[in-house]
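Here is a structure to explore by asking how we know what we say about it. Let's take the questions one by one.

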Amino acid sequence: MQHNALPSVYLKYDANGAVIQEHIDTNDVFGMNWNAPDIFFGFEQEYMPFNDVLAGRSYPIDLVIKNQSTNKYVRALEIKLTAIPDNTTSGFEQQRYGAELVIRTPTIAYIASSICLFFKNKRHILRNIMDTHLDNIRDWVNSHEVLLSLPKMLDIAKGVCSEMEKYQTPLIVQPIWKTKGKSPILEDHCLDVFVWSDVSFLYLLLERIGPKETRAQEVSRPIRTMIWVVKMLYDFNRTGMVNAGEIMDRLSYGPKNDKALAINGNVTSKYLQNDFILQPRVSKIEIKNIIQGNGVKYLSPERRFDSSIVNDPDLYENH
């Protein structure tokens, strides 16, 4: 993308209370020049600055970027490779295509850690946002007690979004690959990149809770996810640290698993909708310039995107 001077689509929170689209240069996504000789890419490693606010279990993230000259960590990025269209939007006209986002529990720890790092040296601002609204919750495991404070939690999340609006940073990189409907066949123009900021992704979670759910009697997945985030901020506000793993284990409100929630293409299409969904900017032929030599032999054809690459008659037909 950067080699061809193509900025990614930046999904960021706007002061008017919405997720908007801008462009973001790869250097700004990475936090330093993409081809600098001292750039270091660490895959599935810990982002050490998160440890300043995270207690307990560590959460390695997909990509850690570090400046080797200064030994400074500059960015933590989660990569969510998604297919366009998903099953729920494959029958629509192409401008309504969307992708399913599966959000696992580590993503919630990353969002909370990024927010807590922002407030680390200004916890008084977070205290003002949270006030004493949640101090009346005596048992966070009791779903009925916690649900009574859900409207306050949503207000707190909105307050955090507003406070961080000018300081949001890239956190979730969402490359898309487009196929011909539900088939595994790649479109001629099939690749592009969207980037979510920490704040816009929090707002995405916030918008999953509609007016009816604020009066819910049971904890749905979106509500549980929001409870997790706000409880992490609540603990950080009180102690300066947050044990994300313990919170998500204890506040399960039902069966435990590593999936926080899944958001289908019907929902994500309104955020992703633009000309690059109709025609992504990178052609499938460019894949041969990305995966060079015998690299294709290291793909796993049982995985959906890998299979589309390996079995495309226009790509790697000799392998």
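Q: Which elements each supply at least two residues of the lining of the second largest pocket?
A: They are β5 (72-79), α2 (105-119) and β8 (170-179). Keep in mind that this is a predicted model. The second largest pocket holds about 230 Å³ of space. Its lining has 14 residues, and Arg75, Ser114, Leu117, Thr169 and Asp198 lie nearest its centre.

Q: What makes a residue part of the lining of the second largest pocket?
A: A lining residue has an atom within 4 Å of a point of the pocket. For the second largest pocket, 14 residues line the space. By class they are 10 nonpolar, 2 polar and 2 charged.

Q: How much space lies in the largest pocket, and which residues are closest to its centre?
A: About 2,000 Å³ of space lies there. The lining of the largest pocket counts 47 residues, and those closest to the centre are Ile79, Leu81, Pro175, Val193 and Phe305. This lining divides into 28 nonpolar, 8 polar and 11 charged residues.

Q: Why is a space called a cavity and not a pocket?
A: It is called a cavity because a 1.4 Å probe fits inside but cannot get out, whereas a pocket is open. Counting those of 30 Å³ or more gives 1 cavity. The largest cavity has a volume of about 30 Å³. Its lining is made of Glu46, Tyr47, Phe50, Asn51, Leu54, Ser58 and Tyr59.

Q: What describes the packing of two helices?
A: The angle between their axes and the distance between the axes describe it. The axes of α3 (residues 123-130) and α5 (residues 150-164) come within 9 Å and cross at roughly 145 degrees. The crossing of α3 past α5 is right-handed.

Q: Which residues make the contact of α3 with α5?
A: From α3 come Ile125, Leu126, Ile129 and Met130, and from α5 come Ile156, Gly159, Val160 and Glu163. They divide into 6 nonpolar, 1 polar and 1 charged. Gly159 is a residue of this contact, and Gly counts as polar by the rule used here.

Q: How do you know that β1 and β2 pair?
A: Two strands pair if there are at least two bridges between them. Strand β1 (residues 8-14) and strand β2 (residues 18-24) are joined by 7 bridges and run antiparallel, so they meet this rule. Valine 9 stands opposite histidine 23 in β2. The hairpin of β1 and β2 has 3 residues between the strands, and glycine 17 takes a positive phi near 85 degrees there.

Q: What is the phi of alanine 5, and where is this residue placed?
A: Alanine 5 has a positive phi of about 55 degrees although it is not a glycine. Alanine 5 sits in the segment before β1.

Q: Is the peptide bond from isoleucine 84 to proline 85 cis or trans?
A: This bond is cis, with omega near -5 degrees. Proline 85 is found in the loop between β6 (82-84) and β7 (101-104).

Technical notes: Residues numbered from 1 in each chain as written. Predicted model: local features only at pLDDT ≥ 70, side-chain atom pairs only at ≥ 80, totals over all residues. Heavy atoms only, no water. Axes fitted to C-alpha atoms, helices over the stretch in contact; angles between N-to-C directions. Helix = DSSP H or I, 4+ residues; strand = E, 2+ residues; numbered from the N terminus. Left-handed = near helix turned anticlockwise from the far one by under 90°. Contact = heavy atoms within 4.5 Å. 1 Å grid on protein atoms, 1.4 Å probe; cavity = no way out; pocket = protein on both sides within 12 Å on 5 of 7 lines; lining within 4 Å. Points joined across faces, edges and corners; volume = space filled by probe spheres on them.
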